[in-house]
Amino acid sequence: YANSSADEFGGKVYESAINQLDNKGSKIVELGVNPDTFVSALNQEVSKKNYKAIVIIGKSAYEGLETYIKSFKGMNFIALDCNLTNLRENLLAVEFSPEEFGFAGGTVLSDNLNAGFVAGYNSTVRNSFDNRILYGFLQALNSANASGVYVKYIEESSNVIKSMDYCNSVYSAGVNRIFDISGRSAYGSAQSAVDNSKQLVYGGVNLKSVLLENKGENFANTVVGGV
């Protein structure tokens, strides 16, 4: 991680890492505050031991090491809270912030659609966390020139029928795709997409379970991406 162990962000990261370190070969590297020295600091540590993976924490740490990550062939990386703009092949795992999660969903949803499309957003929660997801989602659509967005909160996370009815009405209103983070009620969204010959982007939904419940031969064509 970047910054100093004395500052608020670095101190919390350092303390958390110390508390959770398994003492089986892990090593904490404080990169400092100068991005020009991040690569040399990491290289110095990597040269000492054959590490299997590197965890990079924080936006400034990731941005200072992004080119290094892209070019490094012998290492897997895990990126946490990194404000990602590109996913590298050697990123073993990624943790999105709520805004990044929503932005990724909106970006996937808008891929290959002409400007002026209408989008849908389906969720089962109405709280600050979901509002942050929705904020990121709307930012992605704004940059993609969507002409409108339908937002709906389903009252119960397991209410497949309500989700199906809502999606039917939204698709009928001219929506091209829906970004669905509604949990189990997404099964209803899937059926609606099949019935209307429309498409879905899934977020945080168990696609294996959805596939098992939606066995129609056209179902595979309704899912155009996931986050």
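Me: Which side chains meet in a salt bridge at 3.7 Å, N to O?

Reply: The side chains of Lys 48 and Glu 45 form that salt bridge, with 3.7 Å from N to O. Please note that the model is a predicted one.

Me: Is Lys 48 buried or exposed? And what about Glu 45, buried or exposed?

Reply: Lys 48 is exposed, and its relative accessible area is 59%. Glu 45 has a relative accessibility of 12%, so Glu 45 counts as buried, since the cut-off for buried is under 20%.

Me: How many salt bridges does the structure hold?

Reply: The structure holds two salt bridges. Besides the pair of Lys 48 and Glu 45, the side chains of Arg 132 and Glu 99 meet in one, at 2.8 Å from N to O. Arg 132 belongs to helix α5 and Glu 99 to helix α4, so this pair ties together parts that lie 33 residues apart in sequence.

Me: How accessible are Arg 132 and Glu 99?

Reply: Arg 132 is partly exposed, with a relative accessible area of 38%. Glu 99 is also partly exposed, and its value is 25%.

Me: Let us turn to α5. What span should its 16 residues have?

Reply: Helix α5 covers residues 128–143, and at 1.5 Å a residue it should span 22 Å. The C-alpha atoms at its ends are 23 Å apart, which agrees with that expectation.

Me: Which residues of α5 are buried?

Reply: The buried residues of α5 are Asp 130, Ile 133, Leu 134, Gly 136, Phe 137, Ala 140 and Leu 141. They cover an arc of only 160° around the axis, so they sit on the same side of α5.

Me: What is on the other side of α5?

Reply: Ser 128, Asn 142 and Ser 143 are exposed there.

Me: What do the buried residues of α5 pack against?

Reply: They pack against helix α4 (98–110) and against the strands β4 (118–123), β5 and β6 (177–181).

Me: Which residues does Gly 106 touch?

Reply: Leaving aside residues up to four places away in sequence, Gly 106 touches Phe 137, Ala 140 and Leu 141. Gly 106 is buried, with a relative accessible area of 0%.

Me: How far is Gly 106 from Val 227?

Reply: Their C-alpha atoms are separated by 9.8 Å, although the two residues are 121 residues apart along the chain.

Me: New topic: where is Val 175, and is it buried or exposed?

Reply: Val 175 is in the loop between α6 (160–172) and β6. Its relative accessibility is 0%, so Val 175 counts as buried.

Me: What does Val 175 touch?

Reply: Not counting residues up to four places away in sequence, Val 175 touches Val 118, Ala 119, Gly 120, Tyr 150, Val 170 and Lys 198. The C-alpha atoms of Val 175 and Val 149 are separated by 8.1 Å, and these two residues are 26 residues apart along the chain.

Me: Which residues form a nonpolar patch on the surface?

Reply: The patch is formed by Leu 138, Val 149 and Val 151, which together have about 190 Å² of accessible area. Val 151 lies in strand β5, residues 148–153. Val 151 is partly exposed, with a relative accessible area of 36%.

Me: Which residues other than glycine have a positive phi?

Reply: Asn 112 is one of them, with phi near 65°, and Ser 197 is another, with phi near 55°. Most residues other than glycine have a negative phi.

Me: Where are Asn 112 and Ser 197?

Reply: Asn 112 is in the loop between α4 and β4, and at 79% relative accessibility it counts as exposed. Ser 197 is in the loop between α7 (186–196) and β7 (199–202), and Ser 197 is exposed too, with a relative accessible area of 68%.

Me: Finally, how many helices and strands does the protein chain have?

Reply: The protein chain has eight helices and eight strands. Of its 227 residues, 40% are buried. The chain exposes about 12300 Å², and carbon and sulfur atoms supply 48% of that area.

Notes
Residues are numbered from 1 along each chain as its sequence is written. This is a predicted model: local features need pLDDT of at least 70, side-chain atom pairs count only at pLDDT 80 or more; totals for chains, interfaces and linings use all residues. Side-chain values use heavy atoms; hydrogens and water are left out. Helices (H or I, at least four residues) and strands (E, at least two) are DSSP runs, numbered from the N terminus. Buried means under 20% relative accessible area, exposed over 50%, partly exposed in between (1.4 Å probe, protein chains only). Accessible areas come from the Shrake-Rupley method with a 1.4 Å probe; for residues, only the protein chains shown count as cover. Patches are made of residues with over 30% relative accessible area and no salt bridge: like charges are joined within 9 Å, nonpolar side chains (Val, Leu, Ile, Met, Phe, Trp, Tyr) within 5 Å. A salt bridge is a side-chain nitrogen of Lys or Arg within 4 Å of a carboxyl oxygen of Asp or Glu. The expected span of a helix is 1.5 Å times one less than its number of residues. The arc is that of the directions from the helix axis to the C-beta atoms. Contact means heavy atoms within 4.5 Å.
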